[in-house]
Amino acid sequence: MSAFLTYLLNGLAVGCAIALIASGLVVIHRVTGVVNFAQGTFAVVAGLCTSSLLGLGLPHGASEVAAVLAAAVTGLLTGLAAVGRPGTTPLSSLIVTLGVGVLAYAVEIVLWGDQPRSAPGLAGSVTVAGARIQTQHLLVIAVTALAFAALALFFGRTYLGKALTACASNPYAARVVGIDVRRMGLLAFALGGLLGGIAGVLVTPLRPISFDTDVTLIVNGFAAAVFGALTRPVVTLAGALLLGVAETMAAGYGYGSHQLEIALGLMLVVMIVQAGRRSALSQESA
Amino acid sequence: MTSLRDGRVIVVEDLVVAYGTAVALDHVTLQVGAGEMVALLGPNGAGKSTLANALAGLVEPASGTVRVGGRAALIPEGRQLFPDLSVADNLALGGWRSGERDPSAVYDVLPRLAELAGRRAGVLSGGEQQMVAFGRALMSRPSVLVVDELSLGLAPGVTADLAAHLAGLNRSRGLTVLLIEQNARLAFELCPRAYVLEAGRVVAEGESAELAGDPRVAGAYLGGSVA
């Protein structure tokens, strides 16, 4: 029972990191309509920056904040390339984000080499109801909860957040009232970079990060974001937690080499069931 | 109000707007004076909404000029609200340019909006949505209001109510109005002067009473009868 609880808590932490990646995808897609395949890159940039800055002797806290800001700037630059030119279609922007991801490989290899890097996180572990959980995992859960609460407040309570929602809801109307939709798109990319960066600095102490770790991160993040239809942050969070728990359970019970396939298969089943229920509901209401 | 010259607040000269190879506005020239209410009539596809968008700065002219004295606000065709946001949020975002966040002044003009403030805009009736679009435009404190199809899809009573508000603002505050309408009776009733746009060109202009008496205009827009 305690092993199950351990896997569950660790799985929730893994799911939280996935949720941060996925929430960046959702924010960018909601505002710009673009599926940003460079989202995993933001986490990698932040992870590698943290490793370097801590290596240079910068203290914890300052290193992580600087790394997250570097990811936000990477997000902004990606946004400039993807949606900076007026009239770029979401499909063209998607291709641009793929290109940015490939370009980032070259830049990261030049700056950090091709070997995985890690960074020290919070040491130690705590025991909850007989289950042992690393303190770093608790930090991931706490920061994710704070990040989602901050996102909800930002989009639900602030004027700027509502302007971003307005761009997502009706871009033409947003232009009618004078909102610069392109600038809001760039802001969304910077916010996506920030969220990806937070995921990166939290994950780096748990697993080594290298230039190509973005593939695993984006596959998980994309699966969770699609679960939330790329627009619903809370459903995305639920999907990410499900994915994280399924992966950790699979690994914990001896299917470590197939953990991603098992988790994605489970997501597929849940989505098919969901689609079936929605279809039945719409037929009843028709 | 900031007028350009000779008391005019809208001056469009020789305007050409094209979407690719399709010419939407073909050398259009029109003027609207400060405090005037002017109608723009025309069938579907005449280029009326393109002209509205050009006045709001949403489309780039291929050639010609568009000048507006002061701030122009657009009530777009089909209302174009933010359906997931509340009425209060829709109004607040209307003040994006002016920096106005408090909708009290709009509630004074359109008290019904105060009652709807907490409702989601997407669930309102067509008339209520048009009222929100009206209020949202007023939040930018405009000197010129461009109204694209005020009556579209609305019951006559609702249209009359909104038209009365529009005329009231024109009288009390000197708000300049360019009313783009397919309902020629309403347009001629509200606006002393009108332009007729067909296939991207101005084909007639003048006093509304004269235009209503023109057999060609009456035939095309008033069902053949002279108003």
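Against which elements of chain B do the buried residues of α6(B) pack? The points below take up this question and then turn to the rest of the model.

1. Basis of the note. This is a predicted model, in which local features need pLDDT of at least 70 and side-chain atom pairs count only at pLDDT 80 or more, while totals for chains, interfaces and linings use all residues. Residues are numbered from 1 along each chain as its sequence is written, and chains are lettered from A and ligands numbered from 1 in the order in which they are written. The model scores ipTM 0.90 and pTM 0.87. Chain B averages a pLDDT (the predictor's confidence in each residue, from 0 to 100) of 91, and 96% of the residues score at least 70. Within chain B, confidence is highest in α2(B), at 97, and lowest in helix α9 (residues 215–221), at a mean of 80.

2. Helix α6 of chain B. Helices (H or I, at least four residues) and strands (E, at least two) are DSSP runs, numbered from the N terminus. Helix α6 of chain B covers residues 156–173, and at 1.5 Å a residue its 18 residues should span 26 Å, which agrees with the 25 Å between its end C-alpha atoms; the expected span is 1.5 Å times one less than the number of residues. B:Leu162, B:Ala163 and B:Leu166 are buried in this helix, where buried means 20 or more other C-beta atoms within 10 Å of a residue's own, exposed means 12 or fewer, partly exposed lies in between, and C-beta atoms are placed from the backbone. Seen down the axis of α6(B), its buried residues fall within an arc of 105°, so they line one face of the helix; the arc is that of the directions from the helix axis to the C-beta atoms.

3. Surroundings of α6(B). To return to the opening question, the buried residues of α6(B) pack against α5 (126–138), β6 (144–148), β7 (176–181) and α7 (184–190) of chain B. The face turned away from the buried side carries the exposed residues B:Gly157, B:Ala164, B:Gly168, B:Arg171 and B:Ser172. Just after α6(B), B:Gly174 takes a positive phi of about 70°.

4. Helix α6 of chain A. In helix α6 of chain A (residues 159–169), eight of the 11 residues are buried, so this helix is largely enclosed by the rest of the structure. The buried residues are A:Lys162, A:Ala163, A:Leu164, A:Thr165, A:Ala166, A:Cys167, A:Ala168 and A:Ser169. They pack against α1 (2–32), α5 (135–157), α7 (171–176) and α8 (181–203) of chain A, together with α2 (87–94) of chain B.

5. The contact between the chains. Two residues are in contact if their C-beta atoms, placed from the backbone, lie within 7 Å, and by this criterion 17 residues of chain B are in contact with 14 residues of chain A. The largest share of the side of chain B that touches chain A, four residues, comes from α2(B). The residues on that side divide into 11 nonpolar, two polar and four charged, with Ala, Val, Leu, Ile, Met, Phe, Trp, Tyr, Cys and Pro counted as nonpolar, Asp, Glu, Lys and Arg as charged, and the others, Gly among them, as polar.

6. Domains of chain B. The domain assignment gives domain 1 (1–70 + 145–165 + 178–227) and domain 2 (80–142), with bounds that come from an automatic or database domain assignment. Their C-alpha centres lie 24 Å apart, and seven residues of domain 1 are in contact with nine residues of domain 2. On the side of domain 1 that touches domain 2, α6(B) gives the most, with three residues, and the residues of that side divide into five nonpolar, two polar and no charged.

7. Backbone angles to check. Most residues other than glycine have a negative phi. B:Asp14, in strand β1 (residues 8–19) of chain B, has a positive phi near 55° and is partly exposed, with 13 other C-beta atoms within 10 Å. B:Gln80, in the loop between β5 (72–75) and α2 of chain B, also has a positive phi, of about 55°, but B:Gln80 counts as buried, with 20 C-beta neighbours inside 10 Å.

8. A:Val27. This residue lies in helix α1 of chain A and is buried, with 29 other C-beta atoms within 10 Å. Leaving aside its neighbours within four places in sequence, A:Val27 is in contact with A:Ala188, A:Leu191, A:Gly192 and A:Leu195.
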